[in-house]
Amino acid sequence: MSRQIWKPGNMLYPLPAVMVSTGDKAGNQNILTVAWTGTICTNPPMAYISVRPERYSYQMIKDTGEFVINLTTERLAKVTDYCGVRSGRDTDKWKETGLTPGPAETLLYAPVIKECPVSIECRVTEIKELGSHHMFLAEVKTVQVDESYLNEKNKFELNKTGLLAYSHGEYLGLGKKIGTFGYSIRKKRKRGK
């Protein structure tokens, strides 16, 4: 198999496609779509988003020190894309998409998106100015989940929400389960036991 050598670039895919909701101290709110996001730490729970400084929501996050990462689903693919290609400077994305802002539990300015199955409320601890994007490192303060995805044992079934991924310019559904954590080393049970 032959391989080509390309210039340095970010080819780490797939990524979660999330909608980040923000607000400012004047009461303005916005949604931006972000794929540069992820987990940083378990204890304390921390996440990050990377945002270009010219984005409308950038200053909201910088000034208030808060944002909400809202997980998106296949059903929300079109509005997720819309919130990434339209600017909140020119468009009321809440009105145009029909998405519903809801109150955050621990944040003052940034709302949650009610249609999303998971909303992760974050408070900024540090901003790293890295180049084209600035990284907002944040402590997770609260996680809100849609109760309709709780099963009869009160377990949250995240993988039944139809989560959306982003890969090399395309939105994708996650597909079928192929294993669980640790399945490669789990011993098989003998039949009849």
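The protein contains three helices and twelve strands. The model is predicted. Buried residues account for 39% of its 193 residues.

**Overall dimensions and surface**
- The C-alpha trace spans about 65 × 50 × 35 Å along its principal axes.
- The accessible surface is about 12800 Å². Carbon and sulfur atoms hold 50% of that surface.

**Charge**
- The side chains include 28 positive and 20 negative ones.
- The centres of these two sets are 14 Å apart.

**Contacts along the chain**
- Among contacts with a separation of 6 or more, 60% join residues 24 or more positions apart.

**The largest nonpolar core**
- This core has 20 residues. Val20, Ile49, Phe67, Ile69, Cys122 and Phe136 touch the most other members.
- Seven elements are listed here by position: strand 2 (18-23), strand 3 (29-34), strand 5 (46-51), helix 1 (56-64), strand 6 (66-71), strand 9 (118-129) and strand 10 (134-145). Each supplies at least two residues of the core.
- Strand 9 gives the most, with four residues.
- In soluble globular proteins, nonpolar side chains tend to be buried together.

**Phe136 in detail**
- Neighbours within four places in sequence are left aside here. Phe136 then contacts Ala47, Tyr48, Ile49, Val51, Tyr58, Ile61, Lys62, Phe67, Val124, Glu126 and Ile127.
- Two of these partners, Ile49 and Phe67, are also listed with Phe136 among the core members that touch the most others.

**The second core**
- A separate core has nine residues. Among them are Met19, Ile31, Cys83 and Cys116.

Note on methods:
Residues numbered from 1 in each chain as written. Predicted model: local features only at pLDDT ≥ 70, side-chain atom pairs only at ≥ 80, totals over all residues. Heavy atoms only, no water. Buried < 20%, exposed > 50% of the residue type's maximum accessible area, 1.4 Å probe, protein only. Contact = heavy atoms within 4.5 Å. Areas by Shrake-Rupley, 256 points an atom, 1.4 Å probe, with all protein chains shown as cover. Lys, Arg positive; Asp, Glu negative; His and termini not counted. Charge placed at Lys NZ, Arg CZ, Asp CG, Glu CD. Core = buried A, V, L, I, M, F, W, Y, C linked by side-chain atoms within 4.5 Å.
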